[in-house]
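Subject: Structure handover

Hello,

Here is the structure for you to look through. My notes on it follow below.

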Amino acid sequence: MLNNFSGQIFFEEKLAPYTSWKVGGECQALVMPKSIEDIQLVLDYCNENKVPYLVLGNGSNILKSDEYFDGIVINISKTLNSITIEEDKVTVGSGCMLPKLAFHLAKNEIGDFAFYAGIPGTVGGGIVMNAGSAGKETKDVLLSVTYIDETGRIIKEPASKLDLDFRRSKFQGRKKIIVSAEFKKEYRAKDEALTATKEIADRRRKKFPLNVPTAGSTFKSPTGGPYPGKIIEDLGLKGTTHGKAKISERHGNWIENIGEASANDINELINYVQHIVKKKTGIDLEVEVIRV
Ligand SMILES: Cc1cc2nc3c(=O)[nH]c(=O)nc-3n(C[C@H](O)[C@H](O)[C@H](O)COP(=O)(O)OP(=O)(O)OC[C@H]3O[C@@H](n4cnc5c(N)ncnc54)[C@H](O)[C@@H]3O)c2cc1C
């Protein structure tokens with residue numbers, strides 16, 4: 001299919017193992033590029049043959065439907081994961097995991113990336129979602145992003161041009177592929193940075209259901225509200241199940257796959273919660289996870 005492609009290709013691959021909810025049907029092919037050139041080859045192939053594609057990072061914020069995807073999934077989570085510390089900035093490949101970045105930078109006396117310690121996504125996914133926690137978000141530490149556009153061109157843009165807002169960026173719903181990013185480099189004493197990073201990781205282990213398949217927060221919970229976790233709890237919806245999808249007893253904004261749930265189970269539970277919350281409180285909960 002792709003001459004000169006140096007990465008891996010898996011045909012008729014089931015996507016469930018690649019998502020944190022462990023749901024999602026098969027696709028025509030899943031490719032794991034090893035380089036930027038590999039990504040460009042895939043894009044050329046898709047454009048020439050009119051094959052649809054979608055990008056997957058670590059799959060921790062995606063609800064992939066049970067339906068067959070007659071296209072190519074470009075999985076950037078095992079490669080493009082270098083971290084280069086320069087004099088005035090840090091350049092990171094989009095496949096680098098956020099917790100790895102947080103600990104690596106803390107060890108190198110660079111802060112403040114502790115907020116990434118418990119977010120199980122890649123740098124690419126973190127930028128698309130403007131991921132954040134503990135009062136900080138990607139926007140606070142990002143300098144610029146390099147991506148490949150739909151035609152295969154490599155473009156670098158400053159963070160100020162990416163429309164970064166609460167769990168939002170201009171990359172959502174688009175076909176651009178982030179390959180690397182530059183981050184701020186600010187000094188923070190190693191002990192202090194490492195302690196802060198470990199503390200956040202520990203706190204989250206206690207607060208959230210991390211031993212079951214979820215996608216973290218299902219609905220957006222911006223500073224200033226609405227706070228979906230509290231609303232869902234107050235309405236007595238915690239523990240509600242639909243098929244094998246369940247609203248977590250630990251946190252109302254998290255939906256657990258309690259065993260072989262389908263994407264449809266989860267999707268219908270999301271719709272049900274939105275419906276009940278709207279009916280009883282008048283509040284529209286905005287879905288954070290990307291449904292594809
Ligand atoms: C246990 C758990 C805890 C979580 N806690 C938090 C939290 O505290 N804060 C928070 O913000 N989020 C949290 N999340 C959600 C999730 O981890 C983040 O949104 C993360 O940034 C998603 O990254 P990903 O690589 O998994 O992206 P994916 O889920 O793979 O993709 C998300 C979106 O980004 C796109 N995308 C991914 N990579 C690229 C790329 N290289 N180029 C272009 N588009 C790309 C995808 O197409 C998709 O639209 C949590 C999830 C889980 C499972």
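The unreviewed UniProt entry carries the annotation "active site" for Arg167, Ser217 and Glu288; UniProt positions are given in the numbering used here, feature names are shortened, and annotations may be inferred rather than shown by experiment. These residues are spread over 122 residues of sequence, yet they cluster in space, with a largest C-alpha distance of 10.7 Å. Arg167 sits in the loop between β12 and β13. Helices (H or I, at least four residues) and strands (E, at least two) are DSSP runs, numbered from the N terminus.

Before the rest, the basis of the values. This is a predicted model, in which local features need pLDDT of at least 70 and side-chain atom pairs count only at pLDDT 80 or more, while totals for chains, interfaces and linings use all residues. Residues are numbered from 1 along each chain as its sequence is written, and side-chain values use heavy atoms, with hydrogens and water left out.

An N or O atom in the side chain of Ser60 is 2.6 Å from an oxygen atom of the ligand. For Gly59 the backbone is involved, with an N or O atom 2.8 Å from a ligand oxygen. Of the 970 Å² of accessible area that the ligand has on its own, the protein covers 92%; accessible areas come from the Shrake-Rupley method with a 1.4 Å probe, and for residues only the protein chains shown count as cover.

The ligand is surrounded by 33 residues, of which Val55, Gly57, Ser60, Thr122 and Gly132 are the closest. A residue counts as near a molecule or strand if one of its heavy atoms lies within 4 Å of it. At least two residues of this shell come from each of β3, α3 (123–128), β9 (132–133) and β13 (177–184). With four residues, α3 gives the largest share.

The annotated domain

The unreviewed UniProt entry also has the annotation "domain: FAD-binding PCMH-type", covering residues 23–188. Over residues 23–188 the chain is 18% helix and 34% strand, with the end C-alpha atoms 40 Å apart.

An open sheet of four strands runs in the order β1-β2-β5-β3, with mixed pairing; two strands pair if DSSP finds at least two bridges between them. Its edge strands, β1 (8–14) and β3 (53–56), each pair on one side only. From one strand to the next the twist averages 25°; axes are lines fitted to C-alpha atoms, for helices over the stretch in contact, and angles run from 0 to 180 degrees between N-to-C directions. β3 pairs with β5 (residues 69–75) in the parallel sense over four bridges. Val55 of this sheet stands opposite Ile74 in β5. Helix α1 (residues 36–49) packs on the sheet, touching β2 (26–32), β3 and β5, and its direction makes about 165° with that of β5. Contact here means heavy atoms within 4.5 Å.

An open sheet of five strands has the order β6-β7-β13-β11-β12 and antiparallel pairing. β6 (83–85) and β12 (154–158) are at the edges with a single partner strand each, so one side of each has no neighbour in the sheet. The twist averages 15° from one strand to the next. β11 (residues 142–148) and β12 pair in the antiparallel sense over five bridges, and Val145 stands opposite Glu157 in β12. Helix α2 (residues 98–107) packs on this sheet, touching β6, β7 (89–93) and β13; its direction makes about 25° with that of β6.

Backbone exceptions

Most residues other than glycine have a negative phi, and most peptide bonds are trans. Asn4, which is not a glycine, has a positive phi of about 70°. The peptide bond from Gly111 to Asp112 is cis, with omega near 10°, and Asp112 lies in the loop between β8 (110–111) and α3. Gly225 and Pro226 are also joined by a cis peptide bond, with omega about 0°.

Regards

Methods: A polar contact is a pair of N or O atoms within 3.5 Å; within protein, one must be able to donate a hydrogen and the other to accept it, and residues adjacent in sequence count only if both atoms are side-chain atoms.
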